[in-house]
Amino acid sequence: MTLGELREEVWNALARHGLALHPTPPHGHHPNFLGARKAAERLLKTPEFLGARRILAGMDAVLKPLREEALRQGKELLLPHPDRPGEFLLLKDLDPRRLKRVREAYRYGVPVALEAQPVDLVLVGAVAVDEEGGWVGKGYGFPQAWLKVEAPFATLAHPLMVYPELPVEPERRVDLIATPQRLIRP
């Protein structure tokens, strides 16, 4: 199996079973899924999230509840610039209701060099993960393959996205996987 075939397998399963939420179809995305809010609530209760002061987060729809809660709790949020790959924006002291669309982060964020920012937690979307922390993304965009951050990586996944062991080489490792039913700490 190739990375592309694995992605197609997951996207097709989510679509076929009516488990994908906006944006649909899930193909080409880190999918938003039925139960994602419950998975997010599980992740919000972890010491990693609670103790984080600065969070680097992807712009995927599935991560929206986590980004909003981070801002509500007064945490600083680092986001990839929506139109400039490799550039990042720092948002702080922002009411999450003002950020109607994550693509508008450039209006409220200050451009920063990621290397100069201490990060406590990284939130990424996923296409597939495994019980050992293996992670496969959508194949482009955030998180970039070169992204090196010394912080725990966390993601949300529907049970259909969780494999006992990925049938391909993982693209990276994650430290926390929240599903609607459980928290996986590889």
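Author: Happy to! Let's begin with Arg7, which is found in helix α1, residues 3–16; helices (H or I, at least four residues) and strands (E, at least two) are DSSP runs, numbered from the N terminus. Keep in mind that this is a predicted model, where local features need pLDDT of at least 70, side-chain atom pairs count only at pLDDT 80 or more, and totals for chains, interfaces and linings use all residues. Residues are numbered from 1 along each chain as its sequence is written, and side-chain values use heavy atoms, with hydrogens and water left out.

Reader: Thanks! Is Arg7 buried or exposed?

Author: Arg7 is buried, because its relative accessible area is 10%. Buried means under 20% relative accessible area, exposed over 50%, and partly exposed in between (1.4 Å probe, protein chains only).

Reader: And what does the side chain of Arg7 reach?

Author: The backbone oxygen of Gly137, at 2.5 Å. A polar contact is a pair of N or O atoms within 3.5 Å; within protein, one must be able to donate a hydrogen and the other to accept it, and residues adjacent in sequence count only if both atoms are side-chain atoms. Leaving aside residues up to four places away in sequence, Arg7 touches Val127, Val136, Gly137, Lys138, Gly139 and Glu171, where contact means heavy atoms within 4.5 Å.

Reader: New topic: sheets. What is the order of the eight strands in the open sheet?

Author: The order is β6-β5-β4-β3-β7-β10-β13-β14, with mixed pairing. Two strands pair if DSSP finds at least two bridges between them. The edge strands are β6 (110–112) and β14 (183–184), each pairing on one side only.

Reader: How do β3 and β4 run?

Author: They run parallel: three bridges join β3 (residues 54–57) to β4 (residues 76–80). In that pair, Ile55 stands opposite Leu77 in β4. Helix α4 (residues 64–72) packs on the sheet, touching β3, β4, β5, β7 and β10, and its direction makes about 145° with that of β4. For such angles, axes are lines fitted to C-alpha atoms, for helices over the stretch in contact, and angles run from 0 to 180 degrees between N-to-C directions.

Reader: Where does Ala178 lie?

Author: In strand β13, residues 176–178. Ala178 is buried, with a relative accessible area of 0%. Its contacts, again not counting residues up to four places away in sequence, are Ala39, Arg42, Leu43, Thr155, Leu156, Ala157 and Leu183.

Reader: What about the open sheet of four strands, in which order do they come?

Author: That one goes β11-β8-β9-β12, and the pairing is mixed. Its edge strands are β11 (162–163) and β12 (172–173), each pairing on one side only. β9 and β12 pair in the antiparallel sense over two bridges, and Gly134 stands opposite Arg173 in β12.

Reader: Last one: what lies over the face of Phe49?

Author: Lys75, at 5.2 Å from the ring centre. A charge sits over a ring if NZ of Lys or CZ of Arg is within 6 Å of the ring centre and within 35 degrees of the ring normal.
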